[in-house]
Amino acid sequence: MDLQILPISAPKARIDDENELIFGKQYTDRMLVMEYDRNKGWHSARIQPYGPLLLDPAAMVLHYSQEIFEGLKVFRRADGSLSMFRPADNITRFNRSAERMCMPQVDEKFFLDAMLELIRLEADWVPHNEGTSLYVRPTMIATEPMLGVRPADQYLCYVILSPVGPYYKGGVAPVKIWISDYYVRATEGGTGEAKTGGNYAASLYAAKEATENGYDQVLWLDAKEKRFVEEVGSMNMLFLYDGKIVTSPLHGTVLDGITRRSVLTLVKEMGYEIEERALSVDDIMEGSRNGRLQEAFGAGTAVAISPVGSFCYKNTCVQLGDGNPGKLTMELYNKLTAIQYGRHTDDHDWITLL
Ligand code: COI
């Protein structure tokens, strides 16, 4: 398939002050688009001006949520060059989500090359300040107008770009975590592992409860016993517990995070023992009180590494340590961002330079 590059009429106005960048609020001049039809396969790949989509009101995504997405980042280094962190892994995961949602596979090499071409054209939009980046959002939606419930025959795949500041307003400040004792995000056999919009829609009600109580994010427990920690929708959770790194195993309900994988590699190299097992909510609450839980942090593309300062469960709230980011958490934040921004060598072949 060829990639067509269409002109833009006029560049958009930009936010001059990079400190004003809000996650996911502004978009660049262009987007990548390609279409799929069951008979023709993928076709009409093009980079075109960013703008609204024309969708039939009966498009299946609007009724039955056949949709997937990914999240990646482009970083500007001190010498002005641009880097991406493990982009091929995101595209592979995009295809795994597509499989689960009965959507067509993309050609990983073509899609990655086309995405890189889009980013090169929009290179000027990559912000400069530490902690900022250009967030890349590949998305696939079912466009066929059809109200019968079945996989669609037509799809649109597109990539949009957004210059961003930190995901949380406070930057790397500790977040307050609300543990939901009733609502669940994913069940075994469900779609928890797929990066599909429905998982995020299902999380909103409990997130509202958390916000109303002054908390930032919801930590989900397993759906069966409502006892074991799974993930926070926007990030995987990792714990320093009894001196070991503990994180939920991947058994279908937890996203196979690329930052999670990278952090596990880094902590292993630092000599930590890793236990991929489900920590219980009692371990968290009791562990915060008696010091067995030494640190907790989230890991994800949007947040990078996000320290946790406190937990609240069934109206009991506990502070973790002195409430400040833990030593290991900050060491990992610094290590990961140093690799991404080019201050540290890329010893794992994680970086794609543009
Ligand atoms: C990401 O980390 O890129 C994500 O997709 C999480 C998102 C819900 C902000």
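A polar contact is a pair of N or O atoms within 3.5 Å; within protein, one must be able to donate a hydrogen and the other to accept it, and residues adjacent in sequence count only if both atoms are side-chain atoms. The model on display is predicted, with local features requiring pLDDT of at least 70 and side-chain atom pairs pLDDT 80 or more, while totals for chains, interfaces and linings use all residues. Residues are numbered from 1 along each chain as its sequence is written, and side-chain values use heavy atoms, leaving out hydrogens and water.

Begin by colouring residues 4-164 as domain 1 and residues 175-340 as domain 2; these bounds come from an automatic or database domain assignment. The C-alpha centres of the two domains are 27 Å apart. Their contact (heavy atoms within 4.5 Å) involves 23 residues of domain 1 and 20 residues of domain 2.

Next, select the ligand. Both domain 1 and domain 2 give residues to the shell around the ligand, so the ligand lies between them.

Now display the surrounding residues, each with a heavy atom within 4 Å of the ligand: Phe69, Gly71, Tyr135, Arg137, Tyr167, Lys195, Tyr200, Thr301 and Ala302.

Move to Lys195, whose side chain places an N or O atom 2.8 Å from a ligand oxygen. Finally, select Ala302: here a polar backbone atom lies 2.8 Å from an oxygen atom of the ligand.
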